[in-house]
Amino acid sequence: MERLRDAAAEGRIDFGELDSRLGLALTAKTHGELAALTADLPTPYFSSATAPATAPATAPAPGAGSRQPLVLKGGMFGASLGPGRWDVPGHVIAHGGVGGVTLDFTRVECRLPEVVVEAYAETSGITVVIPDGWVADTSGIDPGVGGLTDKTTSDRLPGTPLIRLTGSGTMGGVVIRHPNKRERRKLDAS
């Protein structure tokens, strides 16, 4: 119940959703029922050395201005952004939830020097697809139980952004990669 109240205070869920989830929490009979109510929320930050920890939210990337971060929540059915054109902010927060999240940067034009992608895989994974020539810094992510798979190259083209990956792989894991063969065929066809 405390995690749900914190999520509402942070704007991650609205107050109607808070009321609904609190009602379900009060009638839950198993830990699984309780876990489902917070599966799409980030793991809380604890100061205790024995508790699981997730780093506090990172600041927006340089050049991002005062624009609010883009927040994607996988929820029960998943969420994806791309491969079409979309406006890339300096800070993206992705919560895998139960359904997972896919972020596809392959068709975007990004003039920012750096984009922070805060990934919390939770139950299902998060996949980040970046174009060839873009590079990723994955040193800020805790792989958790689900792990981190980095299939990117370090061959950065001039004028392309650095994707700085932070957060936690938790149970679902995080994958960052360049387009696969099928995705490349689609890109070449358009």
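Strand 3 and strand 5 (residues 114–120) are paired in the parallel sense over five bridges; strands are DSSP runs of E of at least two residues, and helices are runs of H or I of at least four, numbered from the N terminus. Two strands count as paired if DSSP finds at least two bridges between them. The model is predicted: local features need pLDDT of at least 70, side-chain atom pairs count only at pLDDT 80 or more, and totals for chains, interfaces and linings use all residues. Residues are numbered from 1 along each chain as its sequence is written, and side-chain values use heavy atoms, with hydrogens and water left out.

His91 has Val116 as its bridge partner in strand 5. Strand 1 also runs parallel to strand 3, joined by four bridges, and Leu72 has Ala94 as its bridge partner in strand 3. His91, Ile93 and His95 point one way from strand 3, Val92 and Ala94 the other way, and all are buried (under 20% relative accessible area; exposed is over 50%, partly exposed in between; 1.4 Å probe, protein chains only).

The structure holds seven salt bridges, each a side-chain nitrogen of Lys or Arg within 4 Å of a carboxyl oxygen of Asp or Glu.

| Salt bridge | N to O distance |
|---|---|
| Arg164–Asp137 | 2.4 Å |
| Arg177–Glu183 | 2.7 Å |

Arg21 and Asp40 also belong to a salt-bridge network with Glu17. Arg21 counts as buried at 9% relative accessibility, and Asp40 likewise at 11%. Both Arg177 and Glu183 are buried, whereas Arg164 is partly exposed at 28%.
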